[in-house]
Amino acid sequence: MSKSLPYSMKDVHYDNAKFRQRSVSQVVSQVLLTSNGKRDCLKCSTGKFLVLLMICGLAYLVLANKSAVHPVSSGMAKNDGSKEGENLPIHGSGRFRRFWRKPPRLPPRLSPDEIISRNRSIQESMKRKEPEWVARQQKVKDAFIHAWSGYKAYAMGYDELMPLSRRGVDGLGGLGATVIDALDTAMIMGADEVVYEAGSWIEKHLPGRIEGKGQVNLFETTIRVLGGLLSAYHLSGGDQGRIPEHKGPKPSVYLENARNLADRLLTAFTASPSDIPYSDVVLREKSAHPAPDGLSSTAEAATVQLEFNYLSYLTGDAKYSVEAMKVLQHIKTLPKVEGLVPIYINPQSGHFSGDNIRLGSRGDSYYEYLIKVWLQQKGTNFSYLYDMYVEAIKGVRHLLVRKSTPNGLVFVGELPYGKEGGFSPKMDHLVCFLPGTLALGATKGLTKERAMRENLLTFEDMENLKLAEDLAKTCIEMYSVTSSGLAPEIAYFNIEGDSEGGPNGGNKSSKYLNDIIIKPADRHSLLRPETVESLFVLYRITGDSKYREWGWQIFEAFEKYTK
């Protein structure tokens, strides 16, 4: 974002601002020219000085106001989802603060060559300075190879392996989700044999699967299969040609399959009467339909944009991005609760359904994609996404953040009946995406040290970074409080005046044993990645080694109890 652009556009409207500028200057001119008292004041040196000071101040305000205004005919106003001529609210204090805040700075994009060069540099540094972590890294890679070998032996080509019965099942439409989902991980790890096996399967079998399979979920297929193919294309060199380190087919194989799949997934958007896509697509028929209850999850509809945008970037065909971005542009126009949204939306009407607000299932990645799509797109036409993100995080802090008793863990609860209903101290493990997202939103991907050195962090950014660290602590305690060291699917928290009651996690040495309740129906672990992802982001941004240590603790619990 250019530094000449404002920090936020949501509180400013061009015509109103221009009118205010004219009105102020006209009133002051009239007062100075017609009032005898003011003429007398001008005769003394003190009066002249005060008038000069006032004129300079007015000039500054007018110029500052101009810098915060864009005409409605500009690209941003046309594309940010607001209607031309719409009156937007103005908050004086917020406007004043924006005079002093730099616009968010975006991190650079790295090419595959730059990623490989950076990873080599990190590896060499680790070998010299941190041999213990090199050994731990190898253990993680060994665990990946072990998991792949079991999948390859008993379920190759199926979506998932059932490890106890040693058979494959197609729970995600039958496109070989594990093959594609594992491929970019194998590339990053340098697991060349897995890259070759997975890439060869994709080249030989995936085109026929895309042509012949039936119903798939738009969201699941986009993030796992389409996203996996696009990641593989990027990490294998993309249009720069194949990078020698990676075996397997030419990168174009991944892109061709991604495009073929996306052309069919597009029917979820084009078949819907609103800008909200249907939830399900029948691949072989190129048709789409809503879920049985007629509703789409807000998170699912708003968590496909990164992938579709990137496909448009690679192919030069804007249709993928245009359809996907309509969702966020539409949601911008809908009423919200301090930036927060219900977890269901109706593709027939385009309106939210129900009052349930949460950052767990069906709500989570809506908030995550606001900041990530804004970072991806960079352009001023998408500044509305950053505004929506900022507003939503303020709503989270005000309405959903609480502290547990007796030991004060910071957590994010739910409003199952909306703002006017009661607060629920329930937190899904899925909510543990939020620490990483908050950190990313605060520094825009830069390290904390660099962002502070370059004076890029606002007070609000620092508050959000602190909240990110507090929530990461809570997420790791959801693991540590259990006797296995594995987190439950859902946790409840005791809060002042409302003790949930129920069984604890079982680890009697945990300080937070009486803060966290794990109900019988929630006492299972699905090996979800959200906490580990947040720890990764926080380690990279803050440089604090505790996040890496916490990640190792989780890995050891995985190895001990799930291998």
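1. Glu489 counts as buried because its relative accessibility is 13%; buried means under 20% relative accessible area, exposed over 50% and partly exposed in between (1.4 Å probe, protein chains only). This is a predicted model, in which local features need pLDDT of at least 70 and side-chain atom pairs count only at pLDDT 80 or more, while totals for chains, interfaces and linings use all residues. Residues are numbered from 1 along each chain as its sequence is written, and side-chain values use heavy atoms, with hydrogens and water left out.

2. Glu489 sits in the loop between α20 (459-480) and β12 (490-493). Helices (H or I, at least four residues) and strands (E, at least two) are DSSP runs, numbered from the N terminus. Leaving aside neighbours within four places in sequence, Glu489 has contacts with Asp428, His429, Asp522, His524, Leu526 and Arg528, where contact means heavy atoms within 4.5 Å.

3. The UniProt record, an unreviewed entry, places the feature "active site" at Glu220, Asp364, Glu489 and Glu530. Of these residues, Glu489 is included in the lining of the second largest cavity. UniProt positions are given in the numbering used here, feature names are shortened, and annotations may be inferred rather than shown by experiment.

4. How many cavities of 30 Å³ or more does the structure hold? There are two. A cavity is a set of points, on a 1 Å grid over the protein atoms alone, where a 1.4 Å probe fits but cannot get out; lining residues have an atom within 4 Å of a point. Grid points are joined across faces, edges and corners, and a volume is the space filled by probe spheres set on the points.

5. The second largest cavity holds about 40 Å³ of space. Its lining includes His429, Tyr479, Pro488, Glu489 and Arg528. By type, the lining residues are five nonpolar, three polar and two charged; Ala, Val, Leu, Ile, Met, Phe, Trp, Tyr, Cys and Pro count as nonpolar, Asp, Glu, Lys and Arg as charged, and the others, Gly among them, as polar.

6. Glu530 belongs to helix α21 (residues 530-542). Glu530 counts as buried because its relative accessibility is 13%. Beyond its neighbours within four places in sequence, Glu530 is in contact with His429, Leu430, Cys432 and Phe433.

7. Tyr492 is part of strand β12 and, at 12% relative accessibility, counts as buried. Among its contacts, leaving aside neighbours within four places in sequence, are Ser424, Lys426, Asp515 and Asp522.

How values were computed: 1 Å grid on protein atoms, 1.4 Å probe; cavity = no way out; pocket = protein on both sides within 12 Å on 5 of 7 lines; lining within 4 Å.
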